[in-house]
Amino acid sequence: MNLPTSATSLAGWQHIYSGKVRDLFVPENGPDNILLVVASNRVSAFDHVLDPAIPGKGALLTALSNWWFSRIDMPNHLADPESAPPVPMEVSDRAMLSRRLEMYPVECVVRGALTGSGFLEYRETGSVCGIELPAGLEDGDLLETPIYTPAHKAPLGEHDENISYEQSVELVGPEVAEALREASLKIFTAARDLAAERGVILADTKFEFGRDPETGELVLADEVLTSDSSRYWDASVYFDASLSRADRLASFDKQIVRNWLRSNWDQQGVPPQLPAEIVSQTQDRYRELFTRLTGKNWG
Ligand SMILES: CCOC(=O)Cn1cc(-c2ncnc(N)c2C#N)cn1
């Protein structure tokens, strides 16, 4: 996977970490309980960061995260702007000013449908993360009830490792493990129902939580319910029996890119540049997802 080579330098902030599509910064001169999460416009597919970036993607997904944070009834990591140095103008629309937490090393994945790594594990074992599922399920099938399928965060560029609930207990202890599972299932179920009212299927998502060192409380962190941390499907497409399974399970935002790559790249080496038309269509899909979920026009 080709990693981003140039981390953004921001006046007054020190870059400390680059993910595939986001970068972390801390204030150069304190306070040390603040973290700036900056979403880039980079898009990744097939484990590659693609070129060019999608203009506006970072801002749109940051706005979507903030919209969900405002609807989720639990403490979150968003910080009061008064408590931190100013956020540089060049990233302000795609930056999330956060309280620095002691992050739990558990990727809290909830699945309302069986696909991706969950389906692969099910096909091998009949279960996911130790949760037995009915026989005969196909890729993309909706599950009777959502399942909590935690993962252990892998180093950048590698896939996270699905673990059992009991393994999550070993990582964080019984009380926190139960609190993570309960919070994840509760938030997912409410978000899935809200999305369904808008004709969008929330197939699965990944939450990250931390402990606030000042209050000890459990805090929802990272990005929430964006199309980078979740699979969203268009319900009208998903239930269209005339379509192939692959088309029915098309991700709301990245399917145009994935389809183009499938037709224009042998998945060897570095992917080709995306044509301007594919970039433009992808921008439209991000805007459509934002509008479908929030009821607001983007921009
Ligand atoms: C590159 C984007 O970040 C991640 O991949 C996940 N991550 C989150 C943290 C974090 N650490 C302390 N406090 C926080 N509020 C957060 C948050 N969010 C570290 N990595």
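Start with the second largest pocket, which holds about 280 Å³ of space in this predicted model. Select I72, D73, A183, K186 and I187: of the 15 residues that line this pocket, these lie nearest its centre. Now colour by domain. Domain 1 (13-99) and domain 2 (102-238) both contribute to the lining, so the pocket lies between them. Colour by residue class next, and the lining splits into eleven nonpolar and four charged residues, with no polar ones.

**Next stop: helix 4**

Which element gives the most to the lining of the second largest pocket? Select residues 174-197: this is helix 4, and it supplies eight residues. The helix has 24 residues and reaches 35 Å from its first C-alpha to its last, close to the 34 Å expected at 1.5 Å a residue. To see which of its residues are buried, show V176, A177, L180, A183, S184, I187, F188, A191, L194 and A195. Step just past the end of helix 4 and you come to G199, with a positive phi of about 75°.

**Then look inside: the cavities**

How many cavities of 30 Å³ or more does a search of the whole structure find? There are two. The largest cavity has about 100 Å³ of space. Select R22, A39, L61, T62 and E223, which lie nearest its centre among 15 lining residues. Strand 3 (34-39) and helix 1 (57-69) are the elements that give two or more residues to this lining, and helix 1 has the largest share, with five. By class, the lining of the largest cavity divides into five nonpolar, five polar and five charged residues. Where does the largest cavity sit relative to the domains? Both domain 1 and domain 2 give residues to its lining, so it lies between them.

For the second largest cavity, with a volume of about 30 Å³, select N33, R99, R100, D212, P213 and E214. Four of these lining residues are charged, one is polar and one is nonpolar.

How values were computed:
Residues numbered from 1 in each chain as written. Predicted model: local features only at pLDDT ≥ 70, side-chain atom pairs only at ≥ 80, totals over all residues. Heavy atoms only, no water. 1 Å grid on protein atoms, 1.4 Å probe; cavity = no way out; pocket = protein on both sides within 12 Å on 5 of 7 lines; lining within 4 Å. Points joined across faces, edges and corners; volume = space filled by probe spheres on them. Helix = DSSP H or I, 4+ residues; strand = E, 2+ residues; numbered from the N terminus. Nonpolar A, V, L, I, M, F, W, Y, C, P; charged D, E, K, R; others polar. Domains from an automatic or database assignment. Expected span 1.5 Å × (residues − 1). Buried < 20%, exposed > 50% of the residue type's maximum accessible area, 1.4 Å probe, protein only.
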